[in-house]
Amino acid sequence: MNYLLVRHKVDDFPSWKEVFDSHSAARREVGLSVEKILRNTDNPSEVILLFSAVSLQKAREFVNR
């Protein structure tokens with residue numbers, strides 16, 4: 001299994017999470033599955049995402065859209 005780790009800064013976590021959740025079908029379409037969503041305890045605006053990926057190439061293409 002391949003994994004993709006993303007560090008992301010957000011202004012408003014609840015609003016960001018709502019938008020993130022609305023893109024679940026697009027992630028599923030390219031073979032990305034959310035394994036973990038973590039927030040930095042020292043900086044709650046930093047979100048760390050771990051995805052499992054069927055194809056790293058498709059994952060990279062999705063992230064770079």
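Which residue in S3 does Asn-2 stand opposite? In this model, which is predicted rather than determined by experiment, the residue opposite Asn-2 is Ala-53 in S3. S1 and S3 pair in the antiparallel sense, and eight bridges join them. The sheet to which they belong is open and has three strands in the order S1-S3-S2, with antiparallel pairing. Strand S1 (2–9) and strand S2 (32–39) each have a single partner strand and stand at the edges, so one side of each is left without a neighbour in the sheet. On average, and with direction ignored, neighbouring strands of this sheet are turned by 20° against each other. Helix H3, made of residues 56–63, lies across S1, S2 and S3, and runs at about 20° to S1.

Within strand S3 we find Glu-46, whose relative accessible area is 7%; because a residue under 20% counts as buried, Glu-46 is buried. If its neighbours within four places in sequence are left aside, Glu-46 is in contact with Arg-7, His-8 and Lys-9, and also with Leu-38, Arg-39 and Asn-40.

We can now turn to the aromatic rings. A pair of such rings is described by the angle of the planes together with the distance of the centres. The structure holds three aromatic pairs, and in one of them the rings of Phe-13 and Trp-16 have centres 5.5 Å apart and planes at 35°, so this pair is tilted. Phe-13 and Trp-16 are separated by about one helical turn, because they are three residues apart in helix H1 (residues 13–22). Both Phe-13 and Trp-16 are buried.

Another tilted aromatic pair is formed by Phe-20 and Phe-51, with 6.3 Å centre to centre and 45° between the planes. This pair links distant parts of the chain, for Phe-20 is in helix H1 and Phe-51 is in strand S3 (residues 46–53), 31 residues apart. Phe-20 and Phe-51 are buried as well, and ring pairs link Phe-13, Trp-16, Phe-20 and Phe-51 into a cluster.

The charged end of Arg-27 sits over the ring of Phe-20, 3.8 Å from its centre, while Arg-39 lies over the face of Phe-13, at 4.1 Å from the ring centre.

Conventions:
Residues are numbered from 1 along each chain as its sequence is written. This is a predicted model: local features need pLDDT of at least 70, side-chain atom pairs count only at pLDDT 80 or more; totals for chains, interfaces and linings use all residues. Side-chain values use heavy atoms; hydrogens and water are left out. Rings of Phe, Tyr and Trp (its six-membered ring) pair if their centres lie within 6.5 Å; planes under 30 degrees apart count as stacked, over 60 as edge-to-face and the rest as tilted. Helices (H or I, at least four residues) and strands (E, at least two) are DSSP runs, numbered from the N terminus. Buried means under 20% relative accessible area, exposed over 50%, partly exposed in between (1.4 Å probe, protein chains only). A charge sits over a ring if NZ of Lys or CZ of Arg is within 6 Å of the ring centre and within 35 degrees of the ring normal. Contact means heavy atoms within 4.5 Å. Two strands pair if DSSP finds at least two bridges between them. Axes are lines fitted to C-alpha atoms, for helices over the stretch in contact, and angles run from 0 to 180 degrees between N-to-C directions.
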